[in-house]
Amino acid sequence: MTELIHLWQAGDGVARFVSLLLLAMSVCSWVLIFWRGWTLARVRADLGRGLPVFWTAPDLGQGREHLAPLDRGALMLPLIDAAMQDSAPGTLAATARRTSQLTRRLRDALHTVLGGLNRGQVMLATIGATAPFVGLFGTVWGIYHALLSISSTGNFSLDKVSGPVGEALIMTAAGLAVAIPAVLAYNLFGKWVAACEAELEGFAHDLRELIDEA
């Protein structure tokens, strides 16, 4: 902590900006990690409980009623609503075959649901990819700034150089500390999202077959 305080006091505007940027990226990353972890855990639980309840219902309408309190993330209900509704008369959508209309409605609803399910992934990927380079830039700038200060005194002994350079390397470590949790979370959440996506795609396919046979 002492080194960080000294680095902040000794740094110029660029070094302080890099430090604040890394801090903001870290806070954003951890907020996303906790939020995404909670929402995806809830979604996985809803899918595991909701789908069996839906398929035990006697008809589509009652299946939706039974599923509604279990679908807290609104992932399955939009697909059911898309399957139950009809295209507005007098539109191009209504001129297509009934099967094609159903496929289009389910596809659009599925894309909307999956878009919400992937929310936050791009930010985690961006933080994980850029934070090490932000930290590296801070290190390079810190070393440059330290060497300029040392050159003004004319003393280039090892003990005079190693201290400022070592302090500047803290920025690289900070960049890695920000990036590693974001990358690990991105990979884990990507696996969870893929599993949920497979479940929802299968559900949409089963709904299509159910309506076609009705």
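**Reading the model, feature by feature**

Reply: Arg 107 is partly exposed, with a relative accessible area of 40%. This value comes from a predicted model.

Me: What do Arg 107 and Asp 108 form, and how far apart are the closest N and O atoms?

Reply: Side chains of opposite charge can pair when their charged atoms come close. Here Arg 107 and Asp 108 form a salt bridge, with 3.9 Å between the closest N and O atoms.

Me: How many salt bridges are there by this rule?

Reply: The count is six salt bridges. Another of them joins Arg 208 to Glu 209, where the closest N and O atoms are 3.5 Å apart. Arg 208 is partly exposed at a relative accessible area of 25%, and Glu 209 is partly exposed at 30%. Salt bridges that share partners also connect Asp 46, Arg 49 and Arg 72 in one network.

Me: How far apart are the N and O of Arg 49 and Asp 46 in their salt bridge, and are the two residues buried or exposed?

Reply: The side chains of Arg 49 and Asp 46 meet at 3.3 Å, N to O. Asp 46 is buried, with a relative accessible area of 2%, whereas Arg 49 is partly exposed at 43%. Both residues belong to helix α2, and because they are three residues apart there, about one helical turn separates them.

Me: Which secondary structure elements does the protein chain hold?

Reply: The protein chain has nine helices and zero strands. Read from the N terminus, its elements run α-α-α-α-α-α-α-α-α.

Me: How may the length of a helix such as α6 be checked against its number of residues?

Reply: One compares the expected span with the distance between the end C-alpha atoms. The 20 residues of α6, at 1.5 Å a residue, should span 28 Å, and the end C-alpha atoms are 29 Å apart, which agrees.

Me: Which residues of α6 are buried?

Reply: The buried residues of α6 are Gln 101, Leu 102, Arg 105, Leu 106, Ala 109, Leu 110, Val 113, Leu 114 and Leu 117. For the protein chain of 214 residues, the buried share is 35%.

Me: How many residues are in the largest nonpolar core, and which have the most contacts inside it?

Reply: In soluble globular proteins, nonpolar side chains tend to be buried together. The largest nonpolar core in this model has 44 residues, and those with the most contacts inside it are Leu 79, Ile 80, Leu 117, Leu 200, Phe 203 and Leu 207. Two or more residues of this core come from each of α2 (13-55), α3 (60-67), α4 (77-84), α6 (98-117), α7 (121-153) and α9 (170-213). The largest share, 14 residues, is given by α9.

Me: Which residues does Ile 80 touch, not counting those up to four places away in sequence?

Reply: With residues up to four places away in sequence left out, Ile 80 touches Phe 54, Leu 60, Arg 64, Leu 67, Phe 203 and Leu 207. For the protein chain, 76% of the contacts with a separation of 6 or more are between residues 24 or more positions apart.

Me: How many aromatic pairs does the structure hold?

Reply: A pair of aromatic rings is described by the distance of the centres and the angle of the planes. The structure holds five aromatic pairs. In one of them, the ring centres of Phe 54 and Trp 55 are 4.9 Å apart and the planes are at 80 degrees, so the pair is edge-to-face. Phe 54 counts as buried, at 4% relative accessibility, while Trp 55 is partly exposed at 39%.

Me: What of the rings of Phe 54 and Phe 203?

Reply: The ring centres of Phe 54 and Phe 203 are 5.3 Å apart and the planes are at 85 degrees, so this pair is edge-to-face. The pair links distant parts of the chain, as Phe 54 is in helix α2 and Phe 203 is in helix α9, 149 residues apart. Phe 203 counts as buried, with 2% relative accessibility. Phe 54, Trp 55 and Phe 203 together form one aromatic cluster.

Me: What is the accessible surface of the protein chain?

Reply: The accessible surface of the protein chain comes to about 12,100 Å², and 67% of it belongs to carbon and sulfur atoms.

How values were computed
Residues numbered from 1 in each chain as written. Predicted model: local features only at pLDDT ≥ 70, side-chain atom pairs only at ≥ 80, totals over all residues. Heavy atoms only, no water. Core = buried A, V, L, I, M, F, W, Y, C linked by side-chain atoms within 4.5 Å. Buried < 20%, exposed > 50% of the residue type's maximum accessible area, 1.4 Å probe, protein only. Helix = DSSP H or I, 4+ residues; strand = E, 2+ residues; numbered from the N terminus. Contact = heavy atoms within 4.5 Å. Salt bridge = Lys/Arg side-chain N within 4 Å of Asp/Glu carboxyl O. Expected span 1.5 Å × (residues − 1). Phe/Tyr/Trp six-rings, centres within 6.5 Å; stacked < 30°, edge-to-face > 60°. Areas by Shrake-Rupley, 256 points an atom, 1.4 Å probe, with all protein chains shown as cover.
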